[in-house]
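Here is a friendly walk through one protein model. Please have a look at the sequence and the structure first, and then read on.

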Amino acid sequence: MRLRPGRLVGTFLALLPWWLLVTEFNLCSAIASQTDGNQVDSPRERIRLRTGWKFWRFESRPDNLVYEPRPYANESGLFVLKPWILPTANEFIEKTENRHEVPSEDPAIDIPYVKDSFDDSDWEDVKVPHDWAIKGPFYTNGDESPITGQMGSLPLHGVGWYRRRLSLSPSDVGKSIYLEIDGAMSYSAVWVNGKIIGGWPYGYNSYHLDITSHLKEGDDNMLAIRIDNPPDSGRWYTGAGLYRNVWLTKVKPVHVARWGTYITSEIAGDSASIEFAVNLENKAEEQTNVTVQTDIFEVDSTNGRPARPVASFPSSSVIIPADGQKSILTSATIQNPRLWGPPPSQSPNLYLATTTVLHGGKVADTYETQFGIRSLTFGGDGFSINGERLRFQGVNQHHDLGALGAAYNHKAAERQLRLLREAGVNAIRMAHNPPAPELLELTDRLGFMVIDEIFDVWKYDKNIADFSLIFTDWHEPDVKTFVRRDRNHASIIMWSIGNEVGEQGGSTGFDIATELSKILHEEDNTRPIMASLNSATASHKFPQALDVLGLNYIGEGMEYPGYSVLPEPRRQPLYESFHEAFPDKLLFSSEFAWSLSSRSSFIFPVTEYDGAPVLDHSGGDVNTLEISGHELYSSNWSVSHDIVFTVQDQLPYLAGGFLWSGWDYLGEPYPWPQARSAYSGMIDLAGFKKERFWLYQSQWNPTVRMAHVLPHWSWPGREGEITPVHVFTSADEAELFVNGKSQGNLKRKEFEYRFRWDNVTYEPGELHVITYKNGEFWANETVTTTSDGFKLDLTAEFENIDADGEDLTWIAVRVLDEQGRMVPEADEIVTFSLSGPGEIVATDNGFQADFVAFPSNERKLFNGLALAIVRANSPGKIVVAAETEGFQRAELVIEAV
Ligand code: GAL
C-alpha cells in the first residue's frame, strides 16, 4: 500500500477552519518529531518538574473522591470528579456539541490535600518520574493478594497525592503557562491553588493544561495532583503515579501551540519536498500580527545538535485573532537528502526545523521540530523503506524497566534498545500503549522502526477496570493526543489502534476500527493503520477496516508434532488465507513465538521436536517455577521460534514480525500465576541475555562470528545421562567434541536454525564446538565443568557515570571458581554495599519468581548471576562491594563526574 499524499490536509483544514492557509499544502510521507526543546535566546522556557515533590499513597480512598463510580465496585457516596476532568479533552473533540461544559463551581467537597495550609511535612520526598509501586514489597499470598501475579504482585493500586510548589517570577507575569504531563497512572486530576483544573484518565497518554490564570506571582503556588490507580486495570504491571516527566512550559501569549508542528516529506529523484504546518496560538486579548520563519538543519549524529543549514521555508506573516489560533502551511526542498533508515544497511539521519516567531521585530517564540526523510512502501508482497525490501526483525516491548518499574529512565530505556540492537532487532512494537516521548527520540536516533500502539481494549473489557470503562468518552481525545504528540517521529512507520480487541468477530469491531481509523487518518494520513488480529479470520469484516494486517500467533497454526499433546482440534495456519483474501495488504506477524524460558535453566529430558508446549513437568518445573532455556518451549497458543523461522522463510510475501517479547516484563507470568514477571523475553528482567538471544542473533545479526553452546557443562550427578547439546550460530557446519571425542559433524539443512546433538552422554570435562561457514572456520566455543565457587566477581556496564542523580550503571555479580570460570548454577545470597556519593537503587537476578523486593541490597544469585543498579548523587568515587559467606568478596569503583 502506498499511502495517498494530500488527503490528510484537506480534511485537516476542513476540521480546523480557523487555520489560515498561507501556502498550498500537499502532504506526503510524514516524518518528524518535535523536541519541545528550549533554545538559547528563546523566550520559551520548558522546566522539568523533577524535584520538590511531596507524596503520599493511600491504599483506600482518603478523600471520598472518584472519577466516576466503577460499575463493579460498591462505590456509592463518593464525590464524582468526572465533570471537571472531561473538559480537558475539549480541544481534541471535533464536534462542538460533543465538547464538555466546564462546571461553573468548584467541587462541593472539602479536600485538604489541595490546600496551601495542609501540612505535608511527613509526606515522602520524591522525584518525578516516580512509580510508587515498584519498591514493593511483593504480595506473596497468590489469589488472595489485592494485586496478583498477572499485574506483577506489586502495590500499584490506591490513591496517590503529589504536592509541589510552583514559582512565578515578575518576568513570568503576562506569559502563558502550561503544565505538561507525559503520563500519569492513572485517572489523574490536577489542582492549582486549590482550584481543580482538569485531568486525564488514560495513564499512557500525554496531556497538558493551561494553568496561566490560576497562578499568582511568587513562590507559593500549590500544585496538587491526585492519582487513582484501580486494581484490575490491565493485563500486566501498569506502574503507578507520576511515572513520566512533568513539565512547566512558559511562553509569550503568542506562541507555537502544543504539538503545533507537523512535517511531512516526499522524495522525488535527488530531492525531497518538505511540507510544514505550524499552528500558532494567541492567548492575548487583542489580535496579533507575527512573522514566522523556519530553517532546516542537518542534525549532527554525534551530538544531536543542528549542523549544516540545508533549506528554509519562505517566511510568512499572519494575523492571529485574540484568543485564537492560525496555521501556516509552507514547503521547501532539500537537495540530495540524507535519508532516515534502520541500520545496518541504512542510517538514521535526522533534520531539525527551527521555527522563529517574530512579533514587533522581536523573537516571541522559537520551536524545534526534529524529523527524518524516508519513503515507506507497504504492499501485498512486502515492506520497503527507501526502496530497500526489509523484513521486520521486531520485538514487542512493554513499558516497564524491570526493577526500576515504570518510572521512565532514559539510560535504562537506551540499555533495552542497545541490547536488542545487538541481537539484530530492527523494529519495536510498543505493546500495547504509547511510550514515554523520550523513548521515541531514542528510536529516531538509533534507527528502530516503530509500531506506535494506543489501545489493548475498546468497548469489550479484558479486565474489569480497564479502558473499556471510559472508551466512549475518551477514545477520540486519546487517539488525537496520541497522534499529534507522535506523528513527527521518523521512527514510527505505522499506527496500531488496538491489540487483540474483543470486537474482532462481529460488525462492532469493523465499525469501531473504521471510526478510529478515520480520526487517526485525519491527523496523519502518511502511515498505515493496523490492529493486531488473534481471533478474526480472513472472512471476517474486521480486517477490511485495516490498512495492513498484523497477526498474533494465528498465522503459523499449531499443527506441529511437538504440539500433538494439546487438545484437538488444533489451530490451522492462516497466513495463506489472509494473503489470498487481501493480496494487496502487507501481512506480517505482530506477535510470534510466545515462548518461555528462564535464563540458563536447563530441564531434562529435552523434547525431540523443534517446539512443544510448556507443561508443569515437561519443559518447565512447577516446583521451582523455572522454564528450560533450551528455547523450544512455548505457550499453548503459539509455536516455538524454530517453527516461526521456518514458516517465515517459506512465505516470501510475509514481512517478518515481532517476537513476543524483547525483554521479560513485570506481570503476565504465564504459565504460572504464582510468579511475578513474564517468561517470554530474549533478555531477562535484569538485562541478562537468555539463551534465545543468541538464537535471534544468529538469524538477525548473522555477521557476528559466534557459536553459542548450551547447556552449561557442570552437572554433578548427571554422569552417564543423556544431555543434549544445542548450538546457535550463523555458521552452516558444526562439530561438537566432548573431552576431545567428536559427537559428529553436522551440516545445516534447509529450515534448520540450530545444531543439535541429541544423544550426548554427560561426562565432566570439556565441551567444545567448532563451526564453519562456506567451508571456512567461523567461530568456536568451549564450555568446561567448573569446580566449587571461590570468589565473587563484579563487572560494571559503565564505569563512569554522570553525577546527576539519574544516570545509572548496572553491576553484575557472579561466582568464579579458582580457575576464574563462572560457576553456572551458583545460588548464594549476595549482599551488595556501597560507599561514596551514590546509592544502590535496586537489585535483581532476572528470575521470574524471586519475590525479594527490588530495593533490597541482598539478592540470591539466579543461575550464577545477580545485578545491582547504581546511581550517583554527586561527583566522586563510588565503591561497590559484594559479599557472601565463604567466598572472596569483590569490589569495584565507579567514577561519578
Ligand atoms: C498476546 C497479547 C500480549 C501478551 C501475549 C503473551 O495474546 O497480545 O499482550 O499477553 O499474548 O503473553
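Leaving aside neighbours within four places in sequence, which residues is Asn90 in contact with?

## A first residue, and how to read the model

Asn90 is in contact with Arg99 and His100, once neighbours within four places in sequence are left aside (contact means heavy atoms within 4.5 Å). Asn90 sits in the loop between α2 (82-85) and β7 (124-126); helices (H or I, at least four residues) and strands (E, at least two) are DSSP runs, numbered from the N terminus. With a relative accessible area of 16%, Asn90 is buried (buried means under 20% relative accessible area, exposed over 50%, partly exposed in between, with a 1.4 Å probe and protein chains only).

This is a predicted model, in which local features need pLDDT of at least 70 and side-chain atom pairs count only at pLDDT 80 or more, while totals for chains, interfaces and linings use all residues. Residues are numbered from 1 along each chain as its sequence is written, and side-chain values use heavy atoms, with hydrogens and water left out.

## Domains and annotations

The domain assignment gives domain 1 (5-21 + 253-374), domain 2 (46-251), domain 3 (377-704), domain 4 (708-784) and domain 5 (791-896); such bounds come from an automatic or database domain assignment. Taken over C-alpha atoms, the centres of domain 2 and domain 4 are 56 Å apart.

An unreviewed UniProt entry carries the annotation "domain: Glycoside hydrolase family 2 catalytic" over residues 382-533. UniProt positions are given in the numbering used here, feature names are shortened, and annotations may be inferred rather than shown by experiment. Residues 382-533 are 37% helix and 22% strand, with their end C-alpha atoms 18 Å apart. The UniProt annotation "domain: Glycoside hydrolase family", also from an unreviewed entry, covers residues 792-892. That span, residues 792-892, is 0% helix and 52% strand, and its end C-alpha atoms lie 11 Å apart.

## Around the ligand

Which residues are around the ligand? They are Arg235, His432, Asn499, Glu500, Asn552, Tyr553, Glu591, Trp594, Trp660, Tyr665 and Glu668, where near means that a heavy atom of the residue lies within 4 Å of the molecule.

For His432 the distance is 2.5 Å, for Asn499 it is 2.9 Å, and for Trp660 it is 3.4 Å. Ser661 lies in the loop between β36 (656-659) and α9.

## Nonpolar cores

The largest nonpolar core has 202 residues, of which Trp53, Trp161, Trp191, Ile211, Trp458, Phe578 and Met682 touch the most other members. Such a core is a set of buried Ala, Val, Leu, Ile, Met, Phe, Trp, Tyr and Cys residues joined through side-chain atoms within 4.5 Å. Helix α6 (residues 507-523) gives the most to this core, with six residues. A second, separate core of 26 residues includes Ile811, Ala826, Ala868 and Val870.

Beyond four places in sequence, the contacts of Trp53 include Glu124, Tyr162, Arg163, Leu223 and Val246.

## A buried helix and a buried arginine

Helix α9 (residues 691-700) is largely enclosed by the rest of the structure, because nine of its 10 residues are buried. Trp694 lies in this helix, α9, and touches Lys689, Met706, His708 and Phe728, not counting residues up to four places away in sequence.

Arg859, in strand β49 (residues 858-860), counts as buried at 0% relative accessibility. Its side chain makes a polar contact of 2.9 Å with the side chain of Thr843 (a pair of N or O atoms within 3.5 Å; within protein, one must be able to donate a hydrogen and the other to accept it, and residues adjacent in sequence count only if both atoms are side-chain atoms). The side chain of Arg859 also reaches the backbone oxygen of Ala853 at 2.9 Å.

## Backbone details

Most residues other than glycine have a negative phi, and most peptide bonds are trans. Ala593 has a positive phi of about 50°; this residue lies in the loop between β31 and β32 and is buried, with a relative accessible area of 1%. The peptide bond from Phe604 to Pro605 is cis, with omega near -5°, and Pro605 is placed in the loop between β31 (587-592) and β32 (612-613).
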